[in-house]
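Let's take a friendly walk through a protein model and look at how some of its pieces meet. Have the structure open as you read along.

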Amino acid sequence: MNKGELIPHLFRTEYRKIIAVLCRRFGANYINDAEDIASETFLTAVQAWGVEGIPENPTAWLYHVAKNKAANHLRRQAIFDKKVVVDIESNIPKQLEEDINLSPQNIRDSELQMMFAICHPIIPPEAQTGLCLRLLCGFGIDEIAEAYLATRETIYKRLARAK
């Protein structure tokens with residue numbers, strides 16, 4: 001499989017796993033941060049693999065980079081909190097020390113937990129489906145809009161409200 005096919009394939013299969021694990025680890029309130037970290041991971045892959053070539057185990061490489069990006073995010077957040085907020089929450093230093101578990105069992109459990117969180121009754125059914133397609137299946141906004149026969153902006157707003 002060449003790079004042109006590999007990255008979209010990995011995005012479809014691994015993006016949701018990375019988001020699910022990060023949300024399970026840090027809480028569903030951090031879904032935007034988890035999406036940002038996963039997106040940055042794939043951006044880094046495109047940039048690095050274009051120069052250095054595809055690694056032997058691309059999936060493990062993605063998990064490793066996502067784990068490092070999550071740790072960096074936590075460090076930046078802790079520094080921000082120290083400088084802006086006087087009272088730092090006591091669990092932030094613990095979060096920096098604890099490791100993110102990317103084992104297959106934890107990934108499956110995280111995806112299941114994410115599915116239940118997305119399907120909470122407070123979220124409208126069309127938003128639940130859209131979030132599942134976006135976060136757990138890796139569909140893009142354009143693909144979801146096409147499936148719903150709606151505009152891209154409508155879907156984007158619907159998903160933003162649901163989050």
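In this predicted model, let's begin with two helices, α6 and α8 (residues 152-162), whose axes come within 9 Å and cross at roughly 95°. An angle from 65 to 115 degrees counts as roughly perpendicular, so α6 and α8 are roughly perpendicular to each other. On the α6 side, the contact is made by Glu126, Ala127, Gly130, Leu131 and Arg134, and α8 brings Arg158, Leu159 and Ala162. These residues divide into four nonpolar, one polar and three charged.

Helix α6 (residues 125-136) also meets helix α5 (residues 104-118). Here the two helices are roughly antiparallel to each other, and α5 passes α6 in a right-handed crossing. Glu111, Met114, Met115 and Ile118 of α5 touch Gln128, Leu131, Cys132, Leu135 and Leu136 of α6. This contact divides into seven nonpolar residues, one polar and one charged.

| Helix pair | Axes come within | Crossing angle |
|---|---|---|
| α5 and α6 | 9 Å | roughly 155° |
| α6 and α8 | 9 Å | roughly 95° |

Now for the rings: how many aromatic pairs does the structure hold? There are four. In one of them, phenylalanine 11 and phenylalanine 42 sit edge-to-face, 5.2 Å centre to centre with 75° between the planes. This pair links distant parts of the chain, since phenylalanine 11 lies in helix α1 (residues 3-26) and phenylalanine 42 in helix α2 (residues 31-52), 31 residues apart. Phenylalanine 11 counts as partly exposed at 23% relative accessibility, whereas phenylalanine 42 is buried, with a relative accessible area of 6%. Ring pairs also link Phe11, Tyr15 and Phe42 into a cluster.

Key: Residues numbered from 1 in each chain as written. Predicted model: local features only at pLDDT ≥ 70, side-chain atom pairs only at ≥ 80, totals over all residues. Heavy atoms only, no water. Axes fitted to C-alpha atoms, helices over the stretch in contact; angles between N-to-C directions. Helix = DSSP H or I, 4+ residues; strand = E, 2+ residues; numbered from the N terminus. Parallel < 35°, antiparallel > 145°, perpendicular 65-115°, else oblique. Left-handed = near helix turned anticlockwise from the far one by under 90°. Contact = heavy atoms within 4.5 Å. Nonpolar A, V, L, I, M, F, W, Y, C, P; charged D, E, K, R; others polar. Phe/Tyr/Trp six-rings, centres within 6.5 Å; stacked < 30°, edge-to-face > 60°. Buried < 20%, exposed > 50% of the residue type's maximum accessible area, 1.4 Å probe, protein only.
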